[in-house]
Amino acid sequence: MLKKLRNVLLTVLPTVMYARLDYDNEQNAKPPFIVYQEISKRAPIYGDDRPRYYLRTIQITLITKNKDEVLEEKLEKALLDNDYIFSLTSEFENSDHSINRVYEIRLEDYKYAK
C-alpha cells in the first residue's frame, strides 16, 4: 500500500523520503522534496471480536524553498488521479523560510481483517 503511494509521489518529484528528515546531515535533501509517513492505524469496526478493517492515516509533507502553487497542484492532481482523496491540514514557514504543506490521506486496509 505504501509502495504504491511512493510510486505516485515519485511522479511529482524525484526526492521522496519515508518518515524522517535529518537537518544536521550534510547530505540532506534540498527543497523541493516530499516526506510521507503513516501516523495512525486503527480498527474502527469490529465483528466477532475481530477487526473488519483498519483505517490508516498517511501524512504527506511537501517541502519547497518558496511557495510553489504549480508544484502543489501537480501533487494534488497526482493524488486525485490515483484515487487518493486528501485533506490539506496545514501550511507553515520554517525558520529557513522554506514552506511545509501538509496533507493527510486515509486508506482502508482489509489485508489483516478477517
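This is a predicted model: local features need pLDDT of at least 70, side-chain atom pairs count only at pLDDT 80 or more; totals for chains, interfaces and linings use all residues.
I started with the two helices: the axes of α1 and α2 come within 9 Å and cross at roughly 140 degrees. (Axes here are lines fitted to C-alpha atoms, for helices over the stretch in contact, and angles run from 0 to 180 degrees between N-to-C directions.) So α1 and α2 are oblique to each other; under 35 degrees would count as roughly parallel, over 145 as roughly antiparallel, and 65 to 115 as roughly perpendicular, with the rest oblique.

Who makes the contact (heavy atoms within 4.5 Å)? I found Leu5, Val8 and Leu9 on α1, and Leu75, Ala78 and Leu79 on α2.

Residues are numbered from 1 along each chain as its sequence is written, and side-chain values use heavy atoms, leaving out hydrogens and water.

Next I looked up the whole chain. I counted 2 helices and 5 strands, in the order α-β-β-β-α-β-β. (These are DSSP runs numbered from the N terminus: helices are H or I with at least four residues, strands are E with at least two.) Of the 114 residues, 38% are buried, meaning under 20% relative accessible area with a 1.4 Å probe, protein chains only.

Then I went to the largest nonpolar core, which has 20 residues. (Such a core is a set of buried Ala, Val, Leu, Ile, Met, Phe, Trp, Tyr and Cys residues joined through side-chain atoms within 4.5 Å.) Leu5, Leu9, Ile34, Ile60 and Leu75 touch the most other members. At least two core residues come from each of α1 (2-10), β2 (33-47), β3 (50-64), α2 (69-81) and β5 (99-109).

Last, I checked Leu75: leaving out residues up to four places away in sequence, Leu75 touches Leu9, Val12, Ile34, Ile60, Leu62 and Tyr103.

Notes. Buried means under 20% relative accessible area, exposed over 50%, partly exposed in between (1.4 Å probe, protein chains only). Contact means heavy atoms within 4.5 Å.
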